[in-house]
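Here's a friendly walk through one protein model. Have a look at the structure first, then read on.

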Amino acid sequence: PILASAHESGCICLWSIQGNLMKEIWPFSEHPSGSLTALCTDISIKILLAGSKEGHIIRWNIASFLEDSQNSKNEIKEELCWRAHTTEVVDLFYEEEKNVVVTASIDGSVRLWHAMNGYYFGYFGQARNFEFSDTSRLILPFDVNKFPAIIKEESKHVEKKKVEYPLMLDRDK
């Protein structure tokens with residue numbers, strides 16, 4: 001068993017039950033996620049989903065890492081990133097049977113998405129019924145204008161180097 005914690009820096013930390021840090025996960029997609037505000041997994045803990053303050057949803061495959069966390073070749077792979085809301089994601093839920101991610105935002109909207117490709121199914125309160133079988137029709141909510149980004153290459157987050165810039169007085173300037 002592990003514990004996952006989401007942080008303001010955009011990092012997810014995976015902890016052992018003994019309290020030891022096992023792994024840090026950083027988003028890799030072109031759109032920085034910002035502060036992470038919500039986390040969830042599937043029942044078998046193969047997929048990890050995170051919601052951000054900027055309204056993004058990020059999906060990682062963590063299955064190979066959890067099978068053998070000591071093996072450095074077993075990486076956690078970011079697979080998908082999409083903009084679900086224009087404001088902060090406050091909660092998300094993964095429904096495995098229908099393969100649907102339900103997201104809730106600070107703006108009061110609750111939306112449904114296809115978990116594998118980030119396609120938009122609709123929102124709670126809409127007039128039409130949800131059609132979960134048709135994932136070929138790519139539509140977006142009215143306030144989102146970017147389609148989901150599927151991460152095809154192995155993601156490697158570049159560690160942020162700490163650089164100090166001491167203040168120096170230049171009397172000539």
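Let's start with a serine: the side chain of S5 makes a polar contact with the side chain of H7, at 2.8 Å. (A polar contact is a pair of N or O atoms within 3.5 Å, where one must be able to donate a hydrogen and the other to accept it; residues adjacent in sequence count only if both atoms are side-chain atoms.) Bear in mind that this is a predicted model, so local features need pLDDT of at least 70 and side-chain atom pairs count only at pLDDT 80 or more, while totals for chains, interfaces and linings use all residues. Residues are numbered from 1 along each chain as its sequence is written, and side-chain values use heavy atoms, with hydrogens and water left out.

S5 sits in strand β1, residues 2–6 (strands are DSSP runs of E, at least two residues, numbered from the N terminus). Leaving aside neighbours within four places in sequence, S5 is in contact (heavy atoms within 4.5 Å) with C11, I12, C13, W15 and L39.

Here's how hidden some residues are; buried means under 20% relative accessible area, using a 1.4 Å probe and protein chains only.

| Residue | Relative accessibility | Class |
|---|---|---|
| S5 | 18% | buried |
| C11 | 3% | buried |
| C81 | 2% | buried |

How many disulfides are there? The count is zero, with a disulfide being a pair of cysteine sulfur atoms within 2.5 Å. The sulfur of C11 has its closest cysteine sulfur in C13, but at 3.9 Å that is too far for a bond.

How values were computed. Buried < 20%, exposed > 50% of the residue type's maximum accessible area, 1.4 Å probe, protein only. Helix = DSSP H or I, 4+ residues; strand = E, 2+ residues; numbered from the N terminus.
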